[in-house]
Amino acid sequence: MFVQQRTSQILSFQSMITRNLGLKITTNKIKQMTEEQIEQMFEPDLAFMAKNYLQTINSLSRSIKDIEGRAVSQTRLRKEFALLQTIQCR
């Protein structure tokens, strides 16, 4: 659910950038953007909206990372699946 929300926010932000600036910015560049860069790119009202997109994307990214970390820390590989991690040579 959080991954879908983050993707939706990123796509909306990309659309806003394209619509208002005529630029195509990758997802990775959006994730690396700072509020200072946004202030330089947009007029004040649009910068306000863009900062909110960025804050939402960053918050969702942190939540996703926390959930994934917790899931990994609480899971164990069951013995019957251990062979799935090896390659058998003949």
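**Reading helix 4 and its surroundings**

Guide: The buried residues of helix 4 pack against helix 1 (2-21), helix 2 (27-32) and helix 3 (35-41). Keep in mind that this is a predicted model.

Visitor: Which residues of helix 4 are buried?

Guide: Burial is read from relative accessible area, with under 20% as the cut-off. In helix 4, the buried residues are Ala-47, Ala-50, Lys-51, Tyr-53, Leu-54, Ile-57, Leu-60 and Ile-64.

Visitor: At what angle do the axes of helix 1 and helix 4 cross?

Guide: Angles over 145 degrees count as roughly antiparallel. Here the two axes come within 9 Å and cross at roughly 155 degrees, so helix 1 and helix 4 are roughly antiparallel to each other. The crossing of helix 1 past helix 4 is left-handed.

Visitor: Which residues make that contact?

Guide: From helix 1 they include Phe-2, Val-3, Arg-6, Ile-10, Phe-13 and Met-16. From helix 4 they include Met-49, Ala-50, Tyr-53, Ile-57, Leu-60 and Ile-64. Sorted by class, the contact of helix 1 with helix 4 has 13 nonpolar, 7 polar and 1 charged residues.

Visitor: Now a single residue. Is Ile-30 buried or exposed?

Guide: Ile-30 sits in helix 2. Its relative accessibility is 0%, so Ile-30 counts as buried. Neighbours within four places in sequence aside, Ile-30 is in contact with Ile-10, Phe-13, Gln-14, Ile-17, Ile-25, Leu-54 and Ile-57. As for Gln-14, it is 16 residues from Ile-30 along the chain, and their C-alpha atoms are separated by 7.9 Å.

Visitor: What is the relative accessibility of Asp-66?

Guide: Asp-66 lies in helix 4 and has 55% relative accessibility, so Asp-66 counts as exposed. Asp-66 and Ala-82 are 16 residues apart in sequence, with their C-alpha atoms 26 Å apart in space.

Visitor: Where is Phe-81 placed?

Guide: Phe-81 is in the segment after helix 4. With a relative accessibility of 38%, Phe-81 counts as partly exposed, because that class lies between the 20% and 50% cut-offs. The C-alpha atoms of Phe-81 and Ile-38 are separated by 47 Å, and the two residues are 43 residues apart along the chain.

Terms used: Residues numbered from 1 in each chain as written. Predicted model: local features only at pLDDT ≥ 70, side-chain atom pairs only at ≥ 80, totals over all residues. Heavy atoms only, no water. Buried < 20%, exposed > 50% of the residue type's maximum accessible area, 1.4 Å probe, protein only. Helix = DSSP H or I, 4+ residues; strand = E, 2+ residues; numbered from the N terminus. Contact = heavy atoms within 4.5 Å. Axes fitted to C-alpha atoms, helices over the stretch in contact; angles between N-to-C directions. Parallel < 35°, antiparallel > 145°, perpendicular 65-115°, else oblique. Left-handed = near helix turned anticlockwise from the far one by under 90°. Nonpolar A, V, L, I, M, F, W, Y, C, P; charged D, E, K, R; others polar.
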